[in-house]
Amino acid sequence: MCPHCGHHFTMRARARIASLSDEGSFSEEAADLRSEDPLDFFDLRPYTERLAEAEMKTGLGEAMVIGQAVIDGNGCELAVMDFSFMGGSMGSVVGEKFSRACDSAAQRGVPLVSVTASGGARMQEGILSLMQLPKTVCAVEDLHDAGQPMISVMTHPTTAGVLASFASLGDVIVAEPGALLAFTGPRVVQQTTREKLPQDFGLAEQNLRFGHIDAIVPRPELRAYVSRLLRLFGSNGD
Amino acid sequence: MATDHELRLRERLTRLRSLNLLGGTRLSAELEKLQRQLERIQAGPTDEEIWRSVELARHQDRPYTLDYVERLFEDWVELHGDRGRADDAAVVIGIGRFEGRTVALIGNQKGRDIKERTKRNFGMAYPEGYRKAMRLMELAERHGFSLLSLVDIPGAYPGVAAEQHGQGGAIARSQALMSRLGVPIVTCVIGEGGSGGAIATALADRVLMQENAIYTVISPEGCAAILWRDASEAKKAAAAFKPDAVHCLELGVIDGIVPEPEGGAHTNPDEAARLLGESLREALEELESIPADELKRRRRAKFRSLGVYA
């Protein structure tokens, strides 16, 4: 975060996990899952090459990291996205990891905290990437049926397929200042409709005004905000 | 390539063949249908055939939801409005008699002439359209009506007001509601199954596709513009992401292909409706005896199993 203007720079998944969870508490799950190339997809370059390059560049196996964590003494499950891995796009592995995070939370009886940063579905997996929307939605519903809450933290950007699935299903949805949270981004809206865009089009601030999110929380206050929610959800009947 | 689907189709064929003496015309029609699906899967569509599906799915004379409703339903009553702020004409909802039972229906609707196209926003729904659909889902659940949804949408409308009214959240919540329903849900993609706009009403127990329909994560033009940086490469994009019914069946994304008249649904809407009606009825009959909790459990398990990874 810029100390002068408050601008929130992109935060990598590992750094996010470190900033939210108690030291040494994070235990990663499903780290070995890797994408396949079911369509033999080739645009200007093969999908498999893009995947290998993304892994080398980011040191991550995919665009989401999941695992068990403790935040300020409260046990929870974390599902954190990393925009540096192919724009945080959601393919089969992101969908499966999120799905497993829901199951892990339900089995251990703890809440799920998701932190999203994604351009949307991963085109290179074609229709299977669209199917990750209903897949993650069903996973959240199973989590809810198990009596556990989901707290959704939307960071810049949370758009398209991720906004139109699990990220919007949090019992509480919070966003970082200035984050773009839109189903269709400003460039495409402008090009398609030629409409004049409001200055804060699609940003967290507009989303708060229109009632789509609960709060905008600056990064330094996020951990305390989430831990307060975890305490409130967890203290019922304990 | 012997996929799971091919094996399953083969198994069904063998089983049906051994029952030849018991069944009448219905059985032989079923046999014929499966045989045809199997042949198409074995051959695998070429790039040219995929593009032909894209063109047929968007054909200006292709039957739309209301063309099918008119031919398949008795006592149809169309309902209007999301009970919040608007009546989105790109989404049609209503209840009617289908093969002796009352069902609730949700369908995307494009327009025929320029005036109707404008009124229906070229079939592109606003969030109000999904809320209108959700209102009907709740009605269906309350009264135990099976739910049919016909999908034919280029994509959710990409406009300023659509974003301000919560496009993403509406699509997410519509899916979530479908995953909670205890009544049977059957979806058929009858034209364009365009991205989030399509999946919003397609979280069903049985998902079918007409032979020449397409189901896509992004339009071929949109994909081409992003990956090839040139929207005119749409044909290449379509060949790469394979939005045709046969590939969707192979990937396990749909449960069956509904045949169309030779040359496409628009060449004979009556016959297209008859074939669609048959598939919808069969799917409903398979589901209607399953208890609500079990339906819901299986529906979620099916969608949670979708994906390919190592």
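Helices, as the word is used here, are DSSP runs of H or I with at least four residues, numbered from the N terminus, and in this predicted model that numbering places R229(B) in the loop between helix 10 and helix 11 of chain B. The phi of R229(B) is positive, near 55°, although the residue is something other than glycine. Because R229(B) has 10 C-beta neighbours inside 10 Å, and 12 or fewer is the cut-off for the term, R229(B) counts as exposed.

A positive phi of about 55° also occurs at N121(B), which is not a glycine, and which is found in the loop between helix 5 (114–119) and helix 6 (127–143) of chain B. With 21 other C-beta atoms within 10 Å, N121(B) is buried. Most residues other than glycine have a negative phi, and most peptide bonds are trans. In chain A, the peptide bond from H156(A) to P157(A) is cis, with omega near -15°, and P157(A) itself lies in strand 5, which covers residues 150–159 of that chain.

The two chains also meet, with 44 residues of chain B in contact with 53 residues of chain A. On the chain B side, several elements each supply at least two of the touching residues, among them helix 7 (160–164), helix 9 (195–199), strand 7 (214–216) and helix 14 (292–304), as well as helix 10 (220–228) and helix 11 (234–241). The largest share of that side, 10 residues, comes from helix 8 of chain B.

Note on methods
Residues are numbered from 1 along each chain as its sequence is written. Chains are lettered from A and ligands numbered from 1 in the order in which they are written. This is a predicted model: local features need pLDDT of at least 70, side-chain atom pairs count only at pLDDT 80 or more; totals for chains, interfaces and linings use all residues. Two residues are in contact if their C-beta atoms, placed from the backbone, lie within 7 Å. A residue is buried if 20 or more other C-beta atoms lie within 10 Å of its own, exposed if 12 or fewer, and partly exposed in between; C-beta atoms are placed from the backbone.
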